Amino acid sequence: MRSTLKKYSELLHVGRDAPGFFLYGLVDGVAEIKSWRKLEEIADIVRLSILPSRYPTYEFYHIGVPDVDAEHGEVGNVDRLLGGQIKGARIVIKGGDVIFARIEPSIYNRKTAIVPNLGVCLGSTEFLVARPKQGMSSEYILWVLRNQWVAQQVLGKMTGSTGRRRFEESDFAKLLIPWVEPDNQKVIARVLVSARVQCKKLIKEAAAILQQGDNVALDLIQRPQEAISNIADDEILEDEQETKWSSMDKLYLPSKGEGANQLTLDMFAATTDDLED
């Protein structure tokens, strides 16, 4: 159990925080940051809003700030609402847009995600929207917007009352983003997507193991002797998890000591195909 939770924690760090590994291993060491560009140079900053109540019988897809899964950078829920059920203005977004919650505390929780391909949707006015320009990767933009150097640029630029301060669209457009060639963006995106898939799989496995622990505890209360005789078999689980993840260590986790960050683009190109199987 400890092994599985440890691996989940490590992969979650890769998919979400990234600076310790991907910043130096994938971007700095592989693609080589040659320059920085403003967000508005690689994505259109979109701001189109409507009043859904003017279309009371029309059904809209709707994404609110609570619908964004901050843990994985995904939209976890999409509502279908009649225009008459929606009060106030909403922004118009579409599949592939990157939505960035601009209000605290959501901005610090990294409530940033890619809009799923559902056609035109409505979103909260608390989202800022980056629509990738031709050839740019939504996944790459998502990753950089959730990373530490963007968080550092946000600090000190929030406006409004404490607790409900907001990040202005003009500052959003000027966020500095490491420039990586489109082909390299795609390779980075494939690795990040694969890491996120593995994280979600591990969450389910960890939940099953925790449930197994609950069941054993209940058995110990209800049938002590029978439960104790079965505990030895349950402990085998940890060894199985170690074997299962030994190959994943080589792909996702840098080795210790010299050469920890000496990864190459060719290495990732060769291994990402295996992840898709």
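Tutor: Start with the whole chain. Among contacts (heavy atoms within 4.5 Å) between residues at least 6 apart in sequence, 80% join residues at least 24 apart. The model is predicted, so local features need pLDDT of at least 70 and side-chain atom pairs count only at pLDDT 80 or more, while totals for chains, interfaces and linings use all residues. Residues are numbered from 1 along each chain as its sequence is written, and side-chain values use heavy atoms, with hydrogens and water left out.

The chain has 277 residues, and 43% of them count as buried. Buried means under 20% relative accessible area, exposed means over 50%, and partly exposed lies in between (1.4 Å probe, protein chains only). The secondary structure comprises 10 helices and 15 strands. These are DSSP runs numbered from the N terminus: helices are H or I, at least four residues, and strands are E, at least two.

Two partners matter here. Strands pair if DSSP finds at least two bridges between them. β9 runs antiparallel to β10 (residues 112-114), joined by three bridges. Within that pairing, Ile99 stands opposite Ala113. β9 also pairs with β12 (residues 127-132), again antiparallel, over four bridges. There Val98 has Ala130 as its bridge partner.

Salt bridges flank this region. The criterion is a side-chain nitrogen of Lys or Arg within 4 Å of a carboxyl oxygen of Asp or Glu. By that rule the count is seven. Take Asp97 and Arg131: their closest N and O atoms are 2.7 Å apart. Asp97 sits in the loop between β8 and β9, and Arg131 in strand β12, so the pair links parts 34 residues apart. Asp97 is buried, at 0% relative accessible area. Arg131 is partly exposed, at 22%.

Arg102 forms a salt bridge with Glu126, the closest N and O atoms being 3.6 Å apart. Arg166 joins them in a network of salt bridges.

Move on past β12. Lys133 lies in the loop between β12 and α4 (138-145). Its side chain meets that of Asp44 in a salt bridge (2.6 Å, N to O). Asp44 belongs to strand β2 (residues 43-46), so the pair ties together parts 89 residues apart in sequence. Lys133 has a relative accessible area of 29% and is partly exposed. Asp44 is partly exposed too, at 36%.

Next, the nonpolar packing. A nonpolar core is a set of buried Ala, Val, Leu, Ile, Met, Phe, Trp, Tyr and Cys residues joined through side-chain atoms within 4.5 Å. The largest has 28 residues; Leu39, Phe100, Leu145, Phe167 and Phe172 touch the most other members. Elements giving two or more residues to this core are α3 (39-42), β9, β12, α4, α5 (148-154) and α7 (182-222). Helix α4 gives the most, with six residues. Leaving aside residues up to four places away in sequence, Phe172 touches Leu39, Ile45, Phe100, Leu128, Val129, Ala130, Leu145 and Phe167. Another core lies apart from this one, with 14 residues, among them Ile93, Ala113, Cys121 and Phe127.

At 17% relative accessibility, Glu139 counts as buried. Beyond four places in sequence, Glu139 touches Ile114, Ala189, Leu192, Val193 and Arg196.
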